Amino acid sequence: MVSQVIFGILLFVAGFLFYRNARKIYRNIRLGHPINRSDHPWQRLKVMLLVAFGQKKMFKRPVPALLHLLVYLGFCIINIEMLEIIIDGLSGTHRVFSFLGGFYIFLIYSFELLAILVLASCLIFLIRRNILHVRRLNQKELQNWPKTDANLILLVEILLMSAFLLMNAADQKLQLLNVSPYIQAGAFPISSLLSMLLPANINALILIERFSWWFHIVGVLAFLNYLPISKHLHIILAFPNTYFSILDVKGKFENMEAVTAEVKAMLDPALPPPDTTVSRFGVKDIHDLTWKNLLDAYTCTECGRCTAVCPANITGKILSPRKIMMDTRDRLEETGRNIDHNASFVEDGKSLLDHYITREEIWACTTCNACVEACPVNINPLEIIMGLRQYIVMEESKAPASLNNMLSNIENNGAPWKYAQADRANWTQQ
Amino acid sequence: MENQLHIPTVAELVAQGESPDLLFWVGCAGSFDERAQRITRAICKILQHVGIKYAILGTEESCTGDPAKRAGNEFLFQMQAMMNIQVLDGYAIKKIVTACPHCFNTLKNEYPNLGGHYEVIHHTQLIHSLIDEGKLKPADGHAFRGKRITYHDPCYLGRGNDVYEAPRKALEVLDADLVELKRCRSNGLCCGAGGAQLFKEPEAGNKDIQVERIEDVMESKAEIVASACPFCMTMLRDGVKAKEKEQDIEVLDIAEITAKANRL
């Protein structure tokens, strides 16, 4: 009875803390500009099913994709086991689903196979990160916390799977010894291999089984509350993020409606003057981005597929699309803390531009869309880069000098080079 | 054949009480860049050869605004767009073919929001459909038979607009030794010119993007790298020069290859 109460309290506290964190993330995302992404729900659902659920874009890199798929399947399917653990924990039963008989045997059998595959995949991931030094997993922006974060996630998953297998191993041994309440249930293709390592003493076995059981559930609940400060948040946000992705072709960049109103008024003085409530053209800080840009930032898993295909990054420029997303999230969380602390945002003398993302980075972009194409969860770093450029050019008039030449050529001669408009058709005479 | 090429302007046709079925949007590079002018003429030859009633805007054409938009100057982009839309709508233009993927993308995807609605195709799509209709056929014993040819996907044609097949179909009819670059189609590597990069010096790094790209071409052992964009043309030629491979690698546009194979 005591353990049931403790279990209930743990579950409640973990759930409550997660709810509070989730609300904060939701509030932070809502700091962005409103945009409408409620159109074409069926098409969006299809994108989500293919890209997030089906992991379609992951398979551009087959090896990590396969390993990731195993971890993902393991995560989804072994979570059925979580349901049993929660019911057992609250009601004091043991293996409550065992009445399912043959199906239960099948479930436990497949959980075990998946658990060992997840464990092996996480080990390989650790090796890739720390020993093989895959380039995109060892770049500058991943130093310190992001690297620790990645390793922690893998380590926790390995520990959770180990606890799960150890629990089953002890359970099975207790089943064979006919100890109550360890009824004959399930099949243990993997953990049975571990049982020879376990002691024969019944009390010791019960201790191991109970310890593993508690370790597993407490670990999962702790992990749930680790998500909001981790890149691992993608396991939840990948779904809404792909649902709300851009459905147009990638070449089409957003039209700035505020500019359209001004340009129309300029070209036709008969029109009423435009609404002047637009406070800023382009993006300087978090509040100038759209909520989708902010959702993108929270969804990023820092896998670096974007940076690995970025022509600027490949050729040694400091631009890294992954860093754009990481900076956006860091600044967003800083802004969120500012709001928590002061009730509403108080100017802190910082901004996304310059304090996080430098001008050298954003001017190195070729807008080639390789990063957008590569992202397995449809994040768009290019929109943020473009927004920052728009701010620099339209609010500050601080484009690089050569670009200013190009822009004034277009303005004066209708071509980016210094040729006269009247000479435009000269080639037809040659 | 070159001197027989007659390139009508829309104004000319209108003065004769006629109108073109297809507007050929030449673009700034196609109008002013000497190398790109050869691509422009190749497209005109093809249009004239198949008997399409086409015209250009001539001095009435102006930059679509693409480099301004990508450089972050939305004002200038929209000014350009609205002025061009006035000209296009003034002539009641319905269908446009472009020589440049950047013009293609902007006219097709970004003008509708500003009131300009046209059917826009890229020249590789036009060539593809002309081949399908049997109007273009490589001449016997043309120069490309058996040649090792690869294709570089321009970003705004490929990833930007999902046009991957049309340019490849134009090469497939050549009976050549076609080879893909290791980074191709949606994984294609940019030439380094997009996003207004063509008009500025690159940021500090350890290599130029066009050099990185030409190394892909060298790895493919192709003698000809085909592209379909005047900016890619500039960058790829620059890369070839940087690698001192002018004798081994030729950079040609799909339009030039098609025109030459058809002996136009």
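The model is predicted; local features require pLDDT of at least 70 and side-chain atom pairs count only at pLDDT 80 or more, whereas totals for chains, interfaces and linings use all residues. Residues are numbered from 1 along each chain as its sequence is written, and chains are lettered from A and ligands numbered from 1 in the order in which they are written.

Chain B is divided into domain 1 (2-128) and domain 2 (137-261), with bounds from an automatic or database domain assignment. The centres of the two domains of chain B, taken over C-alpha atoms, are 23 Å apart. Their contact takes 27 residues from domain 1 and 24 residues from domain 2, where two residues are in contact if their C-beta atoms, placed from the backbone, lie within 7 Å. On the side of domain 1 that touches domain 2, two or more residues each come from α2 (28-32), α3 (34-50), α4 (66-70), α6 (101-110) and α7 of chain B. Helices are DSSP runs (H or I, at least four residues), numbered from the N terminus. The largest share of this side, eight residues, is contributed by α3(B).

Helix α7 (residues 123-132) and helix α11 (residues 254-261) of chain B have axes that come within 9 Å and cross at roughly 30°. Axes are lines fitted to C-alpha atoms, for helices over the stretch in contact, with angles from 0 to 180 degrees between N-to-C directions. α7(B) and α11(B) are therefore roughly parallel to each other (angles under 35 degrees). B:H123, B:T124 and B:I127 of α7(B) and B:I254, B:A255 and B:T258 of α11(B) make the contact.

Technical notes:
Parallel < 35°, antiparallel > 145°, perpendicular 65-115°, else oblique.
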